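This briefing goes through one protein chain, from its overall dimensions down to single residues. Please keep the sequence and the 3D view open while reading.

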Amino acid sequence: MRFDILTLFPELFSGYVGQSLLAKAIGAQRVTIQLHNIRDWARDRHRQVDDRPFGGGPGMVFKPEPVVECVEAVQKLAGSPGHLVLLSPKGRRLDQSKVEELAGYEGLVLLCGRYEGFDQRIIDILQPDEISIGDYVLNGGEVAAMVVIDSVVRLLPGVLGDEQSAWQDSFSGERRQIEYAQYTRPREYRGHVVPDVLTSGDHSAVARWREEDSRRRTEARRAQQMEIEEG
Ligand code: 6GU
């Protein structure tokens with residue numbers, strides 16, 4: 001899968017891209033990541049990519065020309081155009097089913113916002129898939145783009161190693177349940193003991209316990225979320 005990242009801060013990605021799972025996927029040629037600096041498409045000698053909003057108001061807005069032309073150039077570079085994603089707090093909130101959809105594309109072009117946002121004509125002309133990672137505001141789309149890459153890459157066949165592991169995680173598959181609690185050695189730590197059933201060797205009892213633990217955690221989290229939403 002090919003990722004093209006359009007950003008004013010390509011250097012923000014260098015640590016992330018070197019991280020083990022992703023580096024392995026890149027090494028195995030399952031994933032390619034190309035960084036593009038939007039400023040390289042600025043037209044004037046000041047390399048300006050933003051300007052003050054018409055009508056007044058705080059902050060700066062991405063100018064249409066550099067962004068539209070950068071996207072078009074990148075989509076021409078790649079063999080196939082790639083699915084265009086615009087990272088923005090105004091977008092539709094990312095969830096695991098959206099991640100599964102994104103993992104189905106041959107390429108994603110991830111457009112990272114900064115400032116107060118984009119000139120609306122960028123959105124009208126390019127018609128991107130607008131995605132937010134949650135109801136809070138970041139300084140830019142770069143961290144959100146890493147969230148998209150991280151969640152998508154681990155679904156690609158052959159990337160995770162153990163294919164079942166992605167499937168069993170919280171929110172995967174049909175059930176959209178929170179995963180059961182996991183334990184490893186030692187059996188006792190600071191007086192906290194691993195549930196006996198997990199060390200019993202009774203596989204069907206383990207399966208039942210996990211099912212029940214998962215249901216309990218999902219229910220508790222839902223109740224807590226409802227409380228928050230009701231104030
Ligand atoms: Cl994708 N971008 C920004 N700037 N803020 C966000 C976001 C994205 N998702 C949630 N907040």
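Two residues are in contact when heavy atoms of theirs lie within 4.5 Å. On that basis, 74% of the contacts in the protein chain with a separation of 6 or more are between residues 24 or more positions apart. The model is predicted.

**Overall dimensions**

- The protein chain has a radius of gyration of 22 Å, whereas a compact globule of 231 residues would have one near 17 Å.
- Taken along the principal axes, the box filled by the C-alpha atoms of the protein chain is roughly 70 × 50 × 35 Å.
- The protein chain contains eight helices and nine strands.

**Surface and charge**

- Of the 231 residues in the protein chain, 39% are buried.
- The protein chain has an accessible surface of about 14,200 Å², and carbon and sulfur atoms contribute 50% of that surface.

**The aromatic pair**

- A pair of aromatic rings is described by the distance of the centres and the angle of the planes.
- The structure has one aromatic pair.
- The ring centres of Phe62 and Phe118 are 5.0 Å apart and their planes meet at 10°, so the pair is stacked; the cut-off for stacked is an angle under 30 degrees.
- This pair joins distant parts of the chain, since 56 residues separate its two members.
- Phe62 belongs to strand E4 (residues 61-62), while Phe118 sits in the loop between strand E6 (107-112) and helix H5 (120-126).
- Both Phe62 and Phe118 are buried.

**Residues in helices**

- Val17 is part of helix H1 (residues 14-17).
- Beyond its neighbours within four places in sequence, Val17 is in contact with Leu22, Ala23, Ile26 and Ile33.
- Between the C-alpha atoms of Val17 and Glu69 the separation is 25 Å, and the two are 52 residues apart along the chain.
- Thr218 is found in helix H8 (residues 203-230).
- Thr218 has a relative accessible area of 6%, so this residue is buried; the cut-off for buried is under 20%.
- Thr218 is in contact with Gln177 and Ile178, leaving aside its neighbours within four places in sequence.

**The loop between E2 and E3**

- Asp44 lies in the loop between strand E2 (32-37) and strand E3 (50-51).
- With a relative accessible area of 30%, Asp44 is partly exposed.
- Asp44 and Leu6 are 38 residues apart along the chain, and their C-alpha atoms are separated by 19 Å.
- Arg47 is also placed in the loop between E2 and E3.
- Arg47 is partly exposed, at 37% relative accessibility.
- The phi angle of Arg47 is near 55°, which is a positive value in a residue other than glycine.

**Backbone points in other loops**

- Gln127 is located in the loop between H5 and strand E7 (129-132).
- Although Gln127 is not a glycine, its phi is positive, at about 45°.
- Gln127 has 65% relative accessibility and therefore counts as exposed, the cut-off for exposed being over 50%.
- The peptide bond that runs from Arg185 to Pro186 is cis, and its omega is near 5°.
- Pro186 is in the loop between helix H7 (163-168) and strand E8 (188-189).

Technical notes: Residues numbered from 1 in each chain as written. Predicted model: local features only at pLDDT ≥ 70, side-chain atom pairs only at ≥ 80, totals over all residues. Heavy atoms only, no water. Phe/Tyr/Trp six-rings, centres within 6.5 Å; stacked < 30°, edge-to-face > 60°. Helix = DSSP H or I, 4+ residues; strand = E, 2+ residues; numbered from the N terminus. Buried < 20%, exposed > 50% of the residue type's maximum accessible area, 1.4 Å probe, protein only. Rg over C-alpha atoms; globule rule 2.2 N^0.38 Å. Areas by Shrake-Rupley, 256 points an atom, 1.4 Å probe, with all protein chains shown as cover.
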